[in-house]
Amino acid sequence: MNANLARLERLAGVQAAAKEHDLTVHQVEITHDETTGSIYAKLAQVPDWLNGRTVIYAFKGTLLTRLMETLAEFNVQIPKEVGVMAFDDWDWAKLMSPQITTIQQDPQQLGQVAAKNLLALLDHQEVPATTLVDSQIMVRKSL
């Protein structure tokens, strides 16, 4: 998952929440240039992944599209066999079939917090190492 700090923190959050509920997290990394066959083979390595109790959480929209392409090609039924959710609420998540459950952050709030922190740094003030912003889950038909 390359060195993207935000994605690493999201993964840590998912792992912590799963641990609290005695659930297992299997990290499967895919890249933009992988074939659907390669992606499916990686998913198939997760034990019992088509048992109806597995959720695939895509951390990036472009990889969500590759995932959805793969699941469609191999006739995997969402949500009957596997659930799908993603980070960021793209307008097109509502247009997919089924509609994808997403976690949404307010981009305006993100921009305001980033600008405030940047201005503070330019003014030689300290800023917190981590800043939290509000988010909400947009539950749709993919779980």
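Here is a short walk through the structure above, from its sheet to a few backbone details. This is a predicted model, in which local features need pLDDT of at least 70 and side-chain atom pairs count only at pLDDT 80 or more, while totals for chains, interfaces and linings use all residues. Residues are numbered from 1 along each chain as its sequence is written, and side-chain values use heavy atoms, with hydrogens and water left out.

Let's start with the sheet. Four strands make up an open sheet, arranged in the order β1-β2-β3-β4, with mixed pairing. Helices and strands here are DSSP runs numbered from the N terminus: helices are H or I with at least four residues, and strands are E with at least two. Two strands count as paired if DSSP finds at least two bridges between them. As a reminder, strands of a sheet pair through backbone hydrogen bonds, either parallel or antiparallel. At the edges sit β1 (55–58) and β4 (135–138), each pairing on one side only. From one strand to the next, the twist averages 20°; axes are lines fitted to C-alpha atoms, for helices over the stretch in contact, and angles run from 0 to 180 degrees between N-to-C directions.

Now follow β3 (residues 101–105) to its partner β4. These strands run antiparallel and are joined by four bridges. If you want a spot to look at in this pairing, find Q104, which stands opposite Q136 in β4.

Helix α3 (residues 61–73) lies across β1 and β2 (83–87), and runs at about 165° to β2. Contact in this setting means heavy atoms within 4.5 Å.

The loops hold some backbone details for you to find. In the loop between α3 and β2 lies P79, and the peptide bond leading from I78 to P79 is cis, with omega near 0°. Another cis bond, also with omega near 0°, runs from S97 to P98; P98 has its place in the loop between β2 and β3.

D22, in the loop between α1 (5–20) and α2 (36–44), has a positive phi of about 55° although it is not a glycine. Is D22 buried or exposed? D22 counts as exposed because its relative accessibility is 72%; buried means under 20% relative accessible area, exposed over 50%, and partly exposed in between, with a 1.4 Å probe and protein chains only. With a relative accessible area of 60%, D48 is exposed.
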